[in-house]
Amino acid sequence: MIGRRGVLLVFLVLVLALIEWRWRTRYTARGYDWRASLASLGIAAGHIAIRPIAAIVIATVYTRTHQAALLPMRVDDWRVWTAGFFAVEFSYYWFHRWNHLVNWLWATHAVHHSASEMTLPAAVRLGWTSIISGGWMMFVPLVLLGFPALVVTALLAGNLLYQYGLHTEAVGKLGWLENVLNTPSHHRAHHASDAAYIDCNFGGVLIVFDRLFGTYRIEPDAGGLTYGLVKPVPGYNPIRIAFAQWRVMGVGLAAAQTWRERATALFGRPEALDRLVARTPPPQGFAPAPSQA
């Protein structure tokens with residue numbers, strides 16, 4: 001059960017997606033891939049079904065960690081929420097960046113990058129295996145420091161909700177806000193599979209950490225970016241999309257000849273996994289989907 005607020009949120013998401021569809025089909029020449037959008041909704045449905053289990057595990061770990069916090073903070077102090085916003089944003093930047101650099105994390109996150117159109121339904125392509133990949137553990141240090149679990153999880157939820165509106169071509173560049181915020185323009189560059197834009201713009205709400213750590217890229221004024229994975233997952237089957245990169249890791253492990261290569265297949269960079277996969281022809285009818293940002 002997702003509750004009344006959840007139903008309202010789903011309704012709002014669908015309404016905005018329909019407005020975007022109307023804009024793309026009536027006022028632009030971009031077209032609209034309905035099958036891709038339905039695949040995104042299918043992936044979202046699977047994520048919603050699995051999410052309660054993940055939420056219980058994460059909430060338990062965060063709550064018990066906070067019991068050993070070094071500097072316990074009060075959940076009703078606005079200063080804690082303000083500091084928490086920047087702390088969560090900083091952690092999210094590194095969480096997101098490592099999701100692109102480590103195969104074990106990328107196996108889940110690649111699902112989100114599998115859409116070849118930049119539309120609002122693509123925002124809800126969220127992997128089903130986040131509890132296994134364990135990227136959420138990167139926020140445990142914040143709880144151990146003293147931020148209440150509620151503060152961390154609520155700010156993370158708000159961060160992801162904000163990013164829903166970034167997955168569109170309907171909004172152009174936003175002037176001076178481009179210097180501070182993660183905008184649809186920045187996020188379009190993030191989802192591009194063009195070589196010059198791979199692994200960039202990892203921020204959630206802010207773009208300042210990308211500017212600080214050298215991962216900032218500006219969307220070209222002429223547009224023309226290519227979205228999706230470098231080698232797309234064929235078809236529109238949500239299950240196939242959800243587990244495609246795990247299957248690629250399996251092929252890489254099978255091709256590995258040493259323990260070092262096995263470790264690379266699991267925890268190395270995606271391009272190193274691609275080299276391992278190249279040793280073994282993929283299963284008949286399957287095209288592996290290597291990394292992109």
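In which helix is Thr-108 found? Thr-108 belongs to helix H4, which covers residues 103-109. This is a predicted model, and in it Thr-108 has a relative accessible area of 8%, so this residue is buried.

What does the side chain of Thr-108 make a polar contact with? The partner is the side chain of Ser-133, at 3.2 Å. Leaving aside residues up to four places away in sequence, Thr-108 touches Gly-127, Thr-129, Ser-130, Ser-133 and Trp-246.

Mean pLDDT for the protein comes out at 91, with 93% of the residues at 70 or more. If you go element by element, helix H3 (residues 78-101) has the highest mean pLDDT, 98, while helix H1 (residues 3-27) has the lowest, 81.

The stretch to watch is residues 289-293, where pLDDT stays under 50. The model still has 35 contacts for this stretch beyond four places in sequence.

## Aromatic pairs

The count of aromatic pairs comes to 17. Take Tyr-62 and Trp-136: the ring centres are 6.3 Å apart and the planes sit at 55 degrees, so this pair is tilted.

Phe-209 and Phe-213 give you a stacked pair, 6.5 Å centre to centre with 20 degrees between the planes. Both residues lie in helix H9 (residues 208-213), four residues apart, or about one turn of the helix. Phe-213, with a relative accessible area of 32%, is partly exposed. Phe-209 and Phe-213 also belong to a cluster linked by ring pairs, together with Phe-90, Tyr-93, Trp-94 and Phe-202.

## Arginines over rings

Two arginines lie over aromatic faces here. Arg-211 is over the face of Tyr-216, 4.7 Å from the ring centre. Arg-262 lies over the face of Trp-259, and the distance to the ring centre there is 4.7 Å.

Definitions and conventions:
Residues numbered from 1 in each chain as written. Predicted model: local features only at pLDDT ≥ 70, side-chain atom pairs only at ≥ 80, totals over all residues. Heavy atoms only, no water. pLDDT = per-residue confidence, 0-100. Helix = DSSP H or I, 4+ residues; strand = E, 2+ residues; numbered from the N terminus. Contact = heavy atoms within 4.5 Å. Phe/Tyr/Trp six-rings, centres within 6.5 Å; stacked < 30°, edge-to-face > 60°. Buried < 20%, exposed > 50% of the residue type's maximum accessible area, 1.4 Å probe, protein only. Lys NZ or Arg CZ within 6 Å of the ring centre and 35° of its normal. Polar contact = N/O pair within 3.5 Å; in protein donor to acceptor, adjacent residues only side chain to side chain.
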